[in-house]
Every structure is written in C-alpha cells, then in structure tokens.
Amino acid sequence: MIYTVTLNPSIDYIVHVDDLKIGEVNRMKKDLKLPGGKGINVSRILKRIAVENKALGFLGGFTGNFIVDWLKQENISQRFTKIEDDTRINIKLKAESETEINGLGPAITPTDIADLKAQLSKVEKGDIVVLSGSAPASLPNGFYQELIQLVKANQAEFVIDTTGQDLMNALVNEPLLVKPNNHELAEAYQTTFNSIADIVPYGKKLLTAGAKNAIISMAGDGALLFTNDGVYQSNVLKRPLKNSVGAGDSMIAGFIGEYSQNKDAVAAFKWGVACGSATAFSDDLAQAPFIKELLAEVIVEKIAD
C-alpha cells in the first residue's frame, strides 16, 4: 500500500481577477475551491492512474469536511486524524501576476499526534509512505524525523518532499525518493547553479548522503533523475502553462505509482514527467487520458554515470 501524509492540508481558493486594483473593490472573473496539500495531491493523482493509496494527516472543522467529502467523491481511501481547529484556507490570486496568501495552519494537540502515529505504526514491509509539505507551527521541530523512524521501524519505504533542514535530516534514513527543485537544492548546499552541469555534482551528493533516488525539477528546463546507475535528463514537453500548483506533487505520484509496481526508476521517471507536465497544462490536477497522451512524448536520456 502507498500512504500519503499531509500535515497541513488546505482548501485552495483560486480567484481570477482582471486588472487587480489594490485598495479598491475588485470583482472575480471566476473562482474555484479545491482540496489542497501536497500529500493530498499525490493521492489524487495516484488514484487517477489507478494506483490504490490511503491518505493520512490532520483535518478539522467545516474546511476539513470539505476535503473529506471531495476525496470520497474521488473514491480515495482516507483515514485522517480529526482535530478541533479548522483546516486552513489558502488563497491563490491570479491576476496580472500570481499571488498566494497561505493560512497559518491549525493547532495540533498531543492526542492528535498520537492518533496519526498510531496509523503509521500499521505500515508494513513493502509499503511506501509519502511525507509531503510543510508542518503546522504547532508541531515540534523535527516531527518528520519522528514519523520517519516509525516507518523505518516497520521496514517500509518513505518519500520525503519538503525543504531545508527537514529534507537534509531525512537523507541518512535512505528515502526512496527526494525531489527538490534546482533552487531548493542550491539553497540546501548554499551555492548557485548556472547550468545543468553545475547541478549534477550536487544531485549526486543527495545519493551519497543516503537518498536512493533523487529528482531535480527545473521548471522550463525539464528534470533530472539521479540513481546509483546514472544521471538522466528528460525533454521539455510543450503546451500552454495553466497551473503551477501541484505539478511537483503529480511528478512524485507518477514516479511512485510506476515504481511501486515495476521497481524501474527510469520508467518511473517518465511517468513522473508525464504526470507533472499534464498537471502544469491543466486547470486542476491532471486526468489519466492526458497523462497517457504526454507519456508517449517523454524522452529520457542518460547524461552521466
């Protein structure tokens, strides 16, 4: 089984405004409310490519109920920990430029933490746990490390998709996959990149530090896959860009969905690129027919040993 863990889910309230005027009354051109949170996005894409999974995390209030109901409609298995506070709302304001206003996140109690840990203590050898996104400020520092130890104790694999010290601290525990973008990788190692050649040594450092596979996304320049067998680069698929939200999560879902079945990192990378690109070219997360259409266009080349 694949489990996704979203510690700080949200409703993403997407608002389109023409000619935004700060300090004045503006009228929406259109709006959309969607379940948000990186692990939830992974679950939704996995379901669309016919890979069963279970969504875990913290949800509360009327906003949490909205997410539960949405995932039920998509037939996604879920066992969220119910909390007292409302799940946050993030505003994605799309005008001449895109502006995000993200909620703070709810208070998480020791009882809530114990419930989530009880769910993760049920994972088994062969399972994969995807740990994604930021944590509410009310959780203790290093909380991801506590969850990783639970997963490892049960001999399951884990994926970590976060940034900063949480990412770097996770490497020693041999994550199945990490996926920083090029800017996050540069920040982690306190450097700058001017070319793909600059990135390669630092992608390899992630493997040396413990990661089994690493994907470095580079927006309009495609993506790189680092494995113990070599370094691979994808081509860049061409369509009008519609949506920057969830593309990275979709890439993880595509990779893990394929890898869980065939253990082929390069084939999984192709699925990851197709899923990530399809979401970038869609208004919401990508649908399976579009993913399969783009999969046929993905070309992966080995660029280094």
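Colleague: Which residues of α2 are buried?

Modeller: This is a predicted model, to start with. In α2, the buried residues are G61, T63, G64, I67 and L71.

Colleague: Why do they line one face of the helix?

Modeller: Look down the axis of α2. The buried residues fall within an arc of 130°, so they line one face. An α-helix has 3.6 residues a turn, so residues three or four places apart point the same way.

Colleague: And which residues are exposed on the other side of α2?

Modeller: F62, K72 and Q73 are exposed there.

Colleague: What span should helix α2 have?

Modeller: Helix α2 covers residues 61-73, which is 13 residues. At 1.5 Å a residue, they should span 18 Å. The end C-alpha atoms are 19 Å apart, which agrees.

Colleague: What follows α2?

Modeller: N75 does, and its phi is positive, near 60°.

Colleague: New topic. Where does K94 lie?

Modeller: K94 is in strand β7, which runs over residues 88-94.

Colleague: Is K94 buried or exposed?

Modeller: Buried. The cut-off is under 20% relative accessible area. K94 has 15% relative accessibility, so it counts as buried.

Colleague: Which residues does K94 touch?

Modeller: Leaving out residues up to four places away in sequence, K94 touches I14, V15, H16, V17 and K242.

Colleague: Last one. Which domain does UniProt list for residues 10-280?

Modeller: The unreviewed UniProt entry gives "Carbohydrate kinase PfkB" for that span. Residues 10-280 are 39% helix and 24% strand. Their end C-alpha atoms lie 20 Å apart.

Conventions:
Residues are numbered from 1 along each chain as its sequence is written. This is a predicted model: local features need pLDDT of at least 70, side-chain atom pairs count only at pLDDT 80 or more; totals for chains, interfaces and linings use all residues. Side-chain values use heavy atoms; hydrogens and water are left out. Helices (H or I, at least four residues) and strands (E, at least two) are DSSP runs, numbered from the N terminus. Buried means under 20% relative accessible area, exposed over 50%, partly exposed in between (1.4 Å probe, protein chains only). Contact means heavy atoms within 4.5 Å. The expected span of a helix is 1.5 Å times one less than its number of residues. The arc is that of the directions from the helix axis to the C-beta atoms. UniProt positions are given in the numbering used here, feature names are shortened, and annotations may be inferred rather than shown by experiment.
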